[in-house]
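The sequence and structure come first.

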Amino acid sequence: MSWDVVAAEAAKTVTAGVGGVVVAGAGGVMRALLRRLGALPNDPEKLRDAILAAGERDPQFAAEVGVALAAVAGAVTESGVLPPTVFLDRDTARAELAEPGVHLVAGVHGVGKTALVLQVSHEAADEFPGGRAYVDLDAFRVGEALQVGEAQAAVLRQFGVPVAEVPLAVMAEQYLRALLHRRCVLVLDNVLGAAELSALVQPWPASLVLATTRRLTDDLRAWAPGPPVLLHGLDEPGAWAMLEHRCPGMLSAEPTAARELLELCDRIPFAIVQVAVRLSRRRGVPGAVAAVRDELASSDDPGELILRCLTQTMRELPDTTVDDLIVLATQPVRDFSHEAAAAMVGHGVDRLIDAGLLVAETRGRLRLPGLIRDHALRMRPDRAVDTDTPFDRLLWFCRDRAVAADLAGGPRLRRYEIPPGLVWSPSWPAPLDWLETELPAIVAVVPRAFHAGRFVEVTQLCGALEPLLTSRGHHWRISGANEWGVRAAHALGDRVLEARIHAAQARLFTQLHLLDRADTALADAERLLATTDDPHMHSSVGEFRGRLAEAQGDYDAAEQAFRRCLDIDDRHELRRASGIHHRMLANVLVHSGRPQEALPLLATALTLSGDVRNAARAHTVAARAHLALGDLPQAHASIGLARQLVTEATATQYEVELADIEAELAWRGGDPETARARWGWIAQLYWNTGDPRFDLYLRKLNVLPPPPR
């Protein structure tokens, strides 16, 4: 970890304590500082400089401070990937990898890297109360390029950290802070190079970072803090136990042949699994182990042995089952649900699972290993297998579920074609949960669907992802899908739909603070709508223009944009949109220093809104307006109504904003301790999650008088 960041965070723990807030790790940091520095400077900058200088001279002190900072625990989300049900061998590596630090594990495909690091993360969990996170980096690449922000967001979500709509630089800062503040386990699977690790890993002294790679490149060797763990085959007892577990009772009758068979496999777990499939088909046949050994004995190359096993297994499967495997291998998804697999092949895939060709993972999904996929693709030219119809079925499955998930969220502005009869089943997961789980599959399907001329389905998938973007982010993945959606809408000649996707891109880029790109996308949407009579769309695009201007700090332009929206709303009796835009305009006027003008707009917004959430937001803006006018009783009344409506709507995302206003009211009303409690709660929350806004609330706390002793 960059020592200047650690020093700055350590100084903040002291500063927070002066303001009356004891953040996680403050006690340990204070003790370390007092032992090393003695009396501490009162000025935060001088304190940071003193800590920085001491750590540069004394690495042991720096490590001690880093460990003390890693004190956030509790409320974490467990990794969705669990260790193997049965794990054998690797005792030395497991002991080595369980120690805090950054460890790189290297080995060929199938040697057991992922199983090992997941097993270690499971066994070491009690020593790392800050939680565990696992990401397969292969799932976050577009070609060779890693989507670093998406990978960071995935890690933060697993630690229970809300992922805000922020620029990538802010996301990176929050990621570093959040992991600095907790003693945790982070598993990064399938790393390609040192650049990826440099973006995702710092030598957090209290945490355990486990990274795996199939290819130990020179840059990875140079980057690794210690010698990489190089995995080869299991030891003989472990390999025996693994094969015995999969083929119980078959080895003891032919111990010599079993040992020779394992040597042929080089005791590599993936090869043992393939051999086990061969043996299981000969259960009860005398000399089965020797027969399989003889089949494979002409090669001492485990890779060739695996291919021979696969070839033999394929020969013994019905042609229809082999065709199913080829179908799955030719589709753009690598990780899928049982339902998606059944949609692709038209029926269940139990035969492929039983044959060891399709892996049923503990998180309830299916995975086609790379070696098996490649083998199936090599078989394709020799077989007349229709792979287009299965893709269409996969596309329709994703489209129907995604649109049903979108529709389950209630009415909103949609311009894509909605298929009839789609209803979300109560037996399925929550709609947003399903969309989030299947997002990698959906964004993988979209480009192929476009190239297949399935333009309607592409636009349906893009439209259905909008609620996921609003609620949970995933900005870059959804942006990539939208690029294809724009092309698809253009190919359809649907100017309104094309404008809608451009506008969605503009909102997305505004949220990421990529304001130039947002402006370009909005200009495209406005151009497409210039000759189109669709008041809902004109109002919506105008709203996004106002939001962009607000993000740019141009409140005059924002005001003009929202007033144009209101003119459209009034002329076309768009009551719900008008309620929202009255509130948005009022908020801009408060920011512009014109709170008195905002109040009539908010009164109108409340008469128009039948939406509890919008009413809550209107009362929140009213509270800020009354605060700006110095009318504390009215501000108290407004924030009380806002909190009541937020509770009614079960909306939790506004708690910080409400608490901030309540703290400001308390401070302005002569109650510094209530202000300290509310701002302190926000500061602690932001400290725990690594949110850079902690610094803002630290400054607010320092405005208050010292807490009573």
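A salt bridge is a side-chain nitrogen of Lys or Arg within 4 Å of a carboxyl oxygen of Asp or Glu. The model is predicted: local features need pLDDT of at least 70, side-chain atom pairs count only at pLDDT 80 or more, and totals for chains, interfaces and linings use all residues. Residues are numbered from 1 along each chain as its sequence is written, and side-chain values use heavy atoms, with hydrogens and water left out.

**Salt bridges**

The count is 56 salt bridges. The table lists some of them.

| Pair | Closest N to O distance |
|---|---|
| Glu657 and Arg624 | 3.8 Å |

Helices are DSSP runs of H or I with at least four residues, numbered from the N terminus. Burial is judged by relative accessible area: buried is under 20%, exposed over 50%, and partly exposed in between (1.4 Å probe, protein chains only). Arg177 is buried, at 7%.

Asp534 is in the loop between helix H26 (515-529) and helix H27 (535-551), and Arg415 in the loop between helix H20 (388-407) and helix H21 (431-451), so the pair ties together parts 119 residues apart in sequence. Asp534 is buried at 11% relative accessibility, whereas Arg415 is partly exposed at 25%.

Glu657 forms a salt bridge with Arg624. Glu657 belongs to helix H33 (residues 655-668) and Arg624 to helix H31 (residues 612-629), so the pair ties together parts 33 residues apart in sequence. Glu657 is partly exposed, at 23%, and Arg624 is partly exposed, at 29%.

**Aromatic rings**

Rings of Phe, Tyr and Trp (its six-membered ring) pair if their centres lie within 6.5 Å; planes under 30 degrees apart count as stacked, over 60 as edge-to-face and the rest as tilted. The count is nine aromatic pairs. Trp424 and Trp434 make an edge-to-face pair, 6.0 Å centre to centre with 70° between the planes. Both residues, Trp424 and Trp434, are buried. The rings of Phe450 and Trp484 have centres 5.3 Å apart and planes at 50°, so that pair is tilted.

How values were computed:
Helices (H or I, at least four residues) and strands (E, at least two) are DSSP runs, numbered from the N terminus.
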